[in-house]
Amino acid sequence: MNISIPHRTQQRNESSLLMKFALMPARKKLVCLASFLLISAYSINHLFAPEMGDEMYDNKHLNRAKNRPHIDLANIEELKKEVDSEKPAVKKEKLEKKDDVVIDTVEKNDTMEDNEGEEEEIDMPILVDDSFDDDLNFNDLDSSQDFYEDDMDDIVSDYVALFRASDIEEQLESISDSDALHDWLAPQGRAFQWLVNEDERMINADDPFLVQRYVLAVLFYATSGDNWDNDSVHWMTLLHECYWNRKVKGKNVGVVECDEDKRVIRLDLPETNLQGSIPSEIGLLDGLKTLNLDSNGISGTIPSTISRLTNLTSLSFEYNRLTGKIPSKLSKLTNLAELKLNHNDLSGTVPAAVCTLRQQSLYLFWSDCDDHGHVPAVECSCCTECCDGLDMCYSQIPLDDDFER
């Protein structure tokens with residue numbers, strides 16, 4: 001049976017894009033598809049890439065030498081002694097520079113009189129170009145000596161790289177275990193190596209963001225960052241840490257928010273395939289207000305150092321593989337409003353000190369405390385939601401319960 005399509009309906013269908021595409025020859029279809037894919041790739045790259053125009057790095061970072069020598073961090077002290085023993089003698093009379101210009105060498109405070117009897121300061125050769133490192137701490141160098149040689153730039157670069165590494169080491173030893181810092185397979189050791197020899201931003205020991213950058217690098221290595229989803233959310237790039245994020249399904253993932261001083265205050269890494277443990281250094285991000293590591297493969301225990309994050313209002317570790325007990329030191333998080341520890345392998349009883357937060361700011365507290373038909377993994381007298389560790393959660397305390405928020 002033949003069915004005739006009204007002329008107007010047929011004309012309207014043929015005017016649609018899909019109908020036009022369907023009626024195209026195969027060659028034109030391929031051209032259109034290729035054009036669509038190219039335009040889509042270009043748009044996605046610009047929509048989801050971080051904006052480059054706000055800051056990110058000042059001229060000091062842009063101008064620093066990127067071909068600095070690789071430093072063997074296992075032998076910093078030996079290298080310093082070796083460099084000290086090879087300091088070239090100071091040439092008191094003449095110094096021949098690379099461009100074969102002869103400069104009379106005098107002491108820095110010496111002056112000479114010109115033909116008119118006026119005193120004129122002598123410009124001394126510049127030993128360290130600002131482009132290498134504006135903020136280098138030369139306290140460890142013998143400032144009474146000048147180091148000249150035909151290949152002056154290489155010598156200066158070696159000194160800058162070596163003492164920069166030594167200064168960074170000194171700073172990091174004050175916040176991380178020294179053995180872990182010098183274990184090149186440990187997250188701390190790998191982060192140390194990256195900061196000194198690989199990080200294109202080339203920050204120095206006196207940089208106000210050294211600790212923040214180091215901690216985020218340790219987190220990256222501690223949770224198998226090379227295997228993170230979402231292209232590692234721009235982590236470990238030369239961008240400032242506040243730009244270590246990426247849009248995923250319309251939401252930012254990574255370092256989502258920083259304050260006006262560029263301290264990280266919101267860290268969201270849900271469903272990013274974090275595998276490993278949470279490093280104790282996480283407690284050094286003292287500006288954090290939100291820490292969300294939901295739905296990953298994180299194992300190990302909850303580090304007690306999280307108690308240092310006294311600005312936290314939201315802490316979420318749900319849907320991971322955390323073990324051990326809930327630290328009593330979490331009671332120090334007096335600004336905490338949301339605490340989600342459900343769907344893990346935690347055990348024991350929630351400390352009474354943590355429960356006191358329910359009389360302060362805490363109004364959502366989830367854990368695996370369900371007792372429907374079996375002994376709960378976690379005993380909790382103050383949780384608002386008790387989950388069975390599988391897929392069900394049950395409300396325990398009404399949210400409109402009379403308590404101070």
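A residue is called buried when its relative accessible area is under 20%, exposed when it is over 50%, and partly exposed in between, with a 1.4 Å probe and protein chains only. By this definition, buried residues make up 41% of the 405 residues in the protein. The model is predicted, with local features needing pLDDT of at least 70 and side-chain atom pairs counting only at pLDDT 80 or more, while totals for chains, interfaces and linings use all residues. Residues are numbered from 1 along each chain as its sequence is written, and side-chain values use heavy atoms, leaving out hydrogens and water.

The secondary structure comes to 10 helices and 19 strands. These are DSSP runs numbered from the N terminus, with helices (H or I) of at least four residues and strands (E) of at least two. A contact means heavy atoms within 4.5 Å. Among contacts with a separation of 6 or more, 55% join residues 24 or more positions apart.

Helix H9 covers residues 210–222. The expected span of a helix is 1.5 Å times one less than its number of residues. For the 13 residues of H9 this gives 18 Å, and the end C-alpha atoms are 18 Å apart, which agrees. Of these 13 residues, 12 are buried, so H9 is largely enclosed by the rest of the structure. The buried residues include Leu210, Arg213, Tyr214, Leu219 and Phe220. Serine 224 follows H9 and has a positive phi, near 55 degrees.

A nonpolar core is a set of buried Ala, Val, Leu, Ile, Met, Phe, Trp, Tyr and Cys residues joined through side-chain atoms within 4.5 Å. The largest such core has 73 residues. Trp235, Leu267, Leu269, Ile306, Phe317 and Phe365 have the most contacts inside it. Two or more residues of this core come from each of helix H6 (152–173), helix H8 (187–198), H9, strand S6 (251–258), strand S7 (264–268) and helix H10 (352–355). H9 gives the most, with nine residues.

H8 also packs against H9. Axes are lines fitted to C-alpha atoms, for helices over the stretch in contact, and angles run from 0 to 180 degrees between N-to-C directions. The axes of H8 and H9 come within 8 Å and cross at roughly 125 degrees. That makes H8 oblique to H9. Angles under 35 degrees count as roughly parallel, over 145 as roughly antiparallel, 65 to 115 as roughly perpendicular, and the rest as oblique. Residues of H8 in the contact include Pro187, Phe192 and Trp194. On the H9 side, Tyr214, Val218 and Tyr221 are among them.

Phenylalanine 365 touches Leu339, Leu341, Val350, Val354, Cys380, Cys382, Cys383, Thr384 and Glu385, not counting residues up to four places away in sequence. Leucine 364 lies in strand S16 (residues 364–367). Leucine 364 is buried, at 15% relative accessible area. Its C-alpha atom is 9.4 Å from that of serine 314, 50 residues apart along the chain.

Two loop residues have a positive phi without being glycine. Serine 295 has a phi of about 55 degrees and sits between strand S9 (290–292) and strand S10 (297–299). Serine 295 is partly exposed, at 31% relative accessibility. Tyrosine 319 has a phi near 60 degrees and sits between strand S11 (314–316) and strand S12 (323–324). Tyrosine 319 is partly exposed, with a relative accessible area of 40%.
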